Amino acid sequence: MRVLQLSKFGSEHLSVTDSPLAELGDQEVLVSLEAASVNPRDSQIIAGQFATNVQFPLIPLSDGAGTITRVGSAVTRFVVGDRVTPLFFPNWLSGEAMAGERAVSTGLEAPGVARDLGIFHEQSLVAFPKHLSAVEAACYPCAGLTAWSGLFVNAQIREGSWVLVQGTGGVATMGIQLAKAAGAKVICISSSDQKLEQAQLLGADHTINYSDTPNWGQRAFELSGQGVDAVLDIGGGGTLENSLEAIRHGGHINIIGYVAGIDMGVTVFPLIIKNAHLHGIGTGNRDSYEQLMSFVDRHQLRPAVAQTFPLEQVKHALAALDNDRPFGKVVIDFAS
Ligand SMILES: NC(=O)c1ccc[n+]([C@@H]2O[C@H](COP(=O)([O-])OP(=O)(O)OC[C@H]3O[C@@H](n4cnc5c(N)ncnc54)[C@H](OP(=O)(O)O)[C@@H]3O)[C@@H](O)[C@H]2O)c1
């Protein structure tokens, strides 16, 4: 199989090689992988900034999609020809994660999806809807599930809810589409007026340029009348104070990323005064992913794909995500 391997930390140590395929176990399936999307975590892993205790050579990337070409003798969940995505956390199937269920993630502790063939346990895969291409399906395992967990598992948004998404990257664009499909109103903040126009085309009802309006939290509170029901907070330290301004009494702030600072640096008062809920999010479980896939199917959603690259150009894909701040997802298309 063609596989992208990291021999030591640093993107200069990535190379595509040929590697033999292991034997297929009774409960395993062989997946012909066709696409993989990249996430900020992938760059951090490759640079050695996410975890230092890793096993080399490491096969990176958590989010892939492809077609099952062989099944083990005891497989019951899938047949040859099914189109699937591997889970971000292959062992986290239901409910709250206990430590062991979060101990293994694809593309770090378990081999990633930057390869054209992969053997997976049948329990660690979910089928994706027929209307999605592999490039599109590969956008959902991390960014899509994270937005889903924040909006539907934690905040339980519904028609008429107000949602605030931060930025115009993978998580935010997923958040816009999912919230709009549920009938919610969406406020999107970005540093770019041009990307805010794209956010409106994707469905955002209101937009705020956070560079021009540093107190965007107050503006979002006013726009929504009584504050927003849910925030997808990807900024962390640099955005939490505004998220607390924006949130309604009893609303849900989902702490997802730290692109604007890792230190939370706020007092407890706004949380107490607003009876607000602060949730830490680590993607989600298989049950949620299956719910997400059936929602995507029901509403015939397609993710915002900014750019695609061939497997040999993973470095360029990661650089595009890190430096160009694209609108939506960057994807590796193995066929190109
Ligand atoms: N916890 C989890 O399970 C989980 C899952 C997925 C992602 N994450 C994390 O969440 C973050 C976002 O992931 P992603 O995939 O959406 O990344 P992405 O596609 O690279 O998008 C990053 C976005 O950050 C926005 N941004 C930068 N500084 C900002 C600020 N000061 N205020 C508001 N927005 C700001 C940018 O918005 P503009 O360019 O439009 O201004 C950009 O669109 C990353 O830290 C990632 O590691 C965590």
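**Sheets, helices and domains of a predicted model**

Colleague: What makes β8 and β9 a pair of strands?

Modeller: Strand β8 (residues 162–166) runs parallel to β9, and five bridges join them. Two strands pair if DSSP finds at least two bridges between them, so the five bridges make β8 and β9 a pair.

Colleague: What is the basis of the names and numbers?

Modeller: Residues are numbered from 1 along each chain as its sequence is written. The model is predicted: local features need pLDDT of at least 70 and side-chain atom pairs pLDDT 80 or more, whereas totals for chains, interfaces and linings use all residues. Helices (H or I, at least four residues) and strands (E, at least two) are DSSP runs, numbered from the N terminus.

Colleague: Why are β10 and β13 called edge strands?

Modeller: The open sheet has six strands in the order β10-β9-β8-β11-β12-β13, with parallel pairing. β10 (206–209) and β13 (277–280) are its edges, as each pairs on one side only. Neighbouring strands of this sheet are turned against each other by 15 degrees on average, direction ignored.

Colleague: Why is α3 called roughly perpendicular to α9?

Modeller: Two packed helices are described by the angle between their axes and the distance between the axes. α3 and helix α9 (residues 286–298) pack at about 95 degrees with axes 9 Å apart. That angle makes α3 roughly perpendicular to α9, because 65 to 115 degrees counts as roughly perpendicular, under 35 as roughly parallel, over 145 as roughly antiparallel and the rest as oblique. The axes are lines fitted to C-alpha atoms, for helices over the stretch in contact, and angles run from 0 to 180 degrees between N-to-C directions.

Colleague: How do you know which residues of α3 and α9 meet?

Modeller: Residues are in contact if their C-beta atoms, placed from the backbone, lie within 7 Å. On that basis Y140, G144, L145, W148, S149 and V153 in α3 meet S288, Y289 and L292 in α9. The contact has six nonpolar, three polar and no charged residues; Ala, Val, Leu, Ile, Met, Phe, Trp, Tyr, Cys and Pro count as nonpolar, Asp, Glu, Lys and Arg as charged, and the others, Gly among them, as polar. α3 also lies across β8, β11 (228–233), β12 (247–255) and β13, at about 155 degrees to β11.

Colleague: How do you know where domain 1 and domain 2 lie in the chain?

Modeller: Domain bounds come from an automatic or database domain assignment. Domain 1 covers 2–139 + 303–333 and domain 2 covers 143–280. Their centres, taken over C-alpha atoms, are separated by 28 Å. Eight residues of domain 1 touch 10 residues of domain 2, and the domain 1 side has five nonpolar, two polar and one charged residue.

Colleague: What makes a residue part of the shell around the ligand, and how many residues surround the ligand?

Modeller: A residue is near a molecule if its C-beta atom, placed from the backbone, lies within 6 Å of it. By this rule 33 residues surround the ligand, the closest being G167, G169, G170, S190 and G257. The shell has 14 nonpolar, 16 polar and three charged residues. Domain 1 and domain 2 each give at least three residues, while α1 (40–47), α3 (140–154), α4 (170–181) and β9 (185–190) each supply at least two.

Methods. Two residues are in contact if their C-beta atoms, placed from the backbone, lie within 7 Å.
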